[in-house]
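This briefing goes through a model with several chains, topic by topic. The sequence and structure come first, and the notes follow.

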Amino acid sequence: MIAVKKLVKRFGLKTVLRGVDFDVQPGEFVALLGPNGAGKTTFLRILASLSRPSLGEVNIAGYKLPHEAAQVRAHLGVVSHLPLLYGDLTAEENLQFYARMYNLPNYELRINEVLEMIGLVARRRDLVRTFSRGMQQRLAIGRAVLHDPDVILFDEPYTGLDQDASAMLDDVLKAVAAEGRTVVMTSHDLGRAEDLATRFDVLSRGVISASASRKELMRTNLLAFYKQALAG
Amino acid sequence: MQPKPLALKILDIAAIIVLGIATYMALNAPLERVMGEVQKVFYFHVGTAWTALLGFILGGVFSVIYLITKNLKWDKFQVAAIEVSLVFFLITIMLGSIWARPAWNTWWTWDPRLTTAAITELIYAAYFMLRQGIDDPDRRARFGAVYALVGALSAPITFFAIRLFRTIHPVVIGGTNPEADGGFSMTPDMLSAFFFALFAFSVIFIDLFWNRIRLGDLQEKVEQLKLKVSM
Amino acid sequence: MADRTTSRGSFLKAVAAVVWKDVRAEFRSRELFSAMLVFSLLIILIFNFALELDLKTRQSVTAGVLWSTFAFAGTLGLNRSMAIEKDRGCLDGLLLAPVDRSAIYFGKVISNLMFMLIVELIVLPIYSLLYSVNLFQPGLLLVILLGSIGYAGVGTLLAAMSVQTRTRDILLPILLFPVVIPVLLAAVKASSGVLGGADWDEILLPLNLLIAYDVIFIAVAFMVFDNVVEE
């Protein structure tokens, strides 16, 4: 589903990503770990087609970036730590707007479905400005899955959420993952990632320094794996 | 680090020599009947205007080339062209002022050319302010190119608009039309001084432009070294 | 899942969606609108005291005062409109849509234009009342439309850039005013012509310039907009 070969990203003279190789099969849930500044957000932005690679190949759902970016976007959903929502519109209107931008036919039905899944049916006519951070995050996920994408990218989705909100987000994420989508989630919080992911990769100093599936990690533990990946 | 190429060193000297000759020719050119000595400012005024215009056009061209190729070297060329043009428009305006005062008893005329030059200076100032506010070199180059393109298209339109609409202030300065207030016709001696000045300033332009590009290269080198040291 | 990308239908839909979204949000908060309107009235007030005019002089500067007002108040709307997108990361949301970037540009231009026109249409009767001059002439309305199109067209492009720099709000007027001078020149000339009852020929010339400017700059903005929003 996602195939990245020797990805390099430079900002002027600074090289942030130095030859990343990354392959994800359909249906996998990859937790991309790494310290702050390692380049996780940059990497995710490139996958999201929001940033161009300096060198290397990126293929998503069979389409090449950056040339076939428009096609990639139709199959991609992104949740970042910023809500990407308009405060002066209602939850419903936000979803309607994105439905139109994605050119979805008969979107009213789909909007109802999504609102149910994220548990915001009761607040559909309220302004997003009045939502708590947790609710905004759930709506953001709703926005991301509206067009039924094959791939979803999450960039630090738990940022700024309290216990209850995080628990709710867990449920939504599980629901999303259960639908068979391919998910890549970045996180610097090991605890959250542990329950949901099927695979754990570590991005350190601009490359993927380690990768292990859930089964392999049953033997060691995640923290030890992570520490070693950073040192190595 | 490469030392200055020989060609550039020669060009530096050539530029100074040519400037000297042009000055000599201008000062020794025949005295113009109506305005006297001050008319000689005209030789340099047109020369610097020509240089500034050259920089302006190149700035626009480099914008387009950069936007197509996305190769940062064109951005470097563009900054060099616009910087040189900025300085020369400034000199042109000042010389225009110096000419205007004794000739028409005013420090400034809202002549289309002078006014457009002033507006172009403001566009340049905005251009540098825009670049200053951006850290990422790629974005800085892209935004610079876009704005320079917009400016390069807007300034000529401004010139024609002023010329067409501000009828209270007709084309005043220079030109070889003896009818225009302040116009005059030129004798062969004056013509040779005039054309030599144009040539001299072209040489000066190339010299400064090349030097400025070299400066840009050096700046890049410094950035690279800084980065290495900080890691 | 059907491949519904990059078709003409989806392009127009996206433009319409952006306009609808802006209008809807503005309808609720009325931020942009009230700020622009109040600012416009304040500017007119300032002009009133700053320019102590008798009836006759006032007639000749009406066009100038109106357009100065629109130019200054316009920057508020442009800045705010783009800031809304930048602040909550919404620009990324727009860029994630599988549609050509220029759809975002056109959508924004249309909504910015609409807000400007609404403010202008409210300022006109107020000015008319204050100074007992009839501003509701079809010729004037046409000039205001064409001038605003040019202003919004270039302004949206430049606002998209300035909102991404460190200096943000202050930068937009600095970038915009020098390059939008042809619009102001032509609009004031045409407006004065209409209000002063000039010949149609006299008004046609600046009107044509406005149209030419609008076409040129919107075409250029359409071509370079990608460079301004992408990374």
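How many bridges join strand β3 of chain A to strand β9 of chain A, and do these strands run parallel or antiparallel? Four bridges join them, and the two strands, residues 29–33 and residues 199–204, run parallel. The model is a predicted one.

**Sheet of chain A**

- β3 and β9 belong to an open sheet of six strands in chain A, in the order β6-β7-β8-β3-β9-β10 and with mixed pairing.
- The edges of this sheet are β6 (76–79) and β10 (207–213) of chain A; each has a single partner strand, so one side of each lacks a neighbour in the sheet.
- From one strand to the next, the twist averages 15°.

**Hairpin of chain A**

- Strands β1 (residues 2–11) and β2 (residues 14–24) of chain A run antiparallel and are joined by eight bridges.
- In this pair, A:Asp23 in β2(A) is the bridge partner of A:Ala3.
- β1(A) and β2(A) form a hairpin with two residues between them.
- In the turn of the hairpin, A:Gly12 has a positive phi of about 65°.

**Make-up of chain B**

- Chain B contains six helices and zero strands, and from the N terminus on its elements run α-α-α-α-α-α.
- Chain B has 231 residues, of which 42% count as buried.
- Take the contacts in chain B between residues at least 6 apart in sequence: 75% of them join residues at least 24 apart.

**Chain B with chain C: a helix pair**

- Two packed helices are described by the angle between their axes and the distance between the axes.
- For α5(B) and helix α8 of chain C (residues 181–195), the axes come within 8 Å and cross at roughly 25°.
- The limit for roughly parallel is an angle under 35 degrees, and α5(B) and α8(C) are therefore roughly parallel to each other.
- The crossing of α5(B) and α8(C) is left-handed.
- On the α5(B) side, the residues that meet α8(C) are B:Ser154, B:Ile157, B:Thr158, B:Ala161, B:Ile162 and B:Phe165.
- On the α8(C) side, they are C:Ile181, C:Pro182, C:Leu185, C:Ala186 and C:Lys189.
- By class, this contact has eight nonpolar, two polar and one charged residues.

**Chain A with chain B**

- Four residues of chain A are in contact with six residues of chain B.
- On the chain B side, the elements that give two or more residues are α5 (137–165) and α6 (188–230).
- α6(B) gives three residues, the largest share of that side.
- The chain B side divides into two nonpolar, one polar and three charged residues.

**Chain A with chain C**

- The contact between these chains takes 25 residues from chain A and 25 residues from chain C.
- On the chain A side, α2 (69–74) and α3 (91–101) are the elements that give two or more residues.
- By class, the chain A side has 14 nonpolar, five polar and six charged residues.

Technical notes:
Residues numbered from 1 in each chain as written. Chains lettered and ligands numbered in written order. Predicted model: local features only at pLDDT ≥ 70, side-chain atom pairs only at ≥ 80, totals over all residues. Contact = placed C-beta atoms within 7 Å. Nonpolar A, V, L, I, M, F, W, Y, C, P; charged D, E, K, R; others polar. Buried ≥ 20, exposed ≤ 12 C-beta atoms within 10 Å, placed from the backbone. Pairing = 2+ DSSP bridges. Axes fitted to C-alpha atoms, helices over the stretch in contact; angles between N-to-C directions. Parallel < 35°, antiparallel > 145°, perpendicular 65-115°, else oblique. Left-handed = near helix turned anticlockwise from the far one by under 90°.
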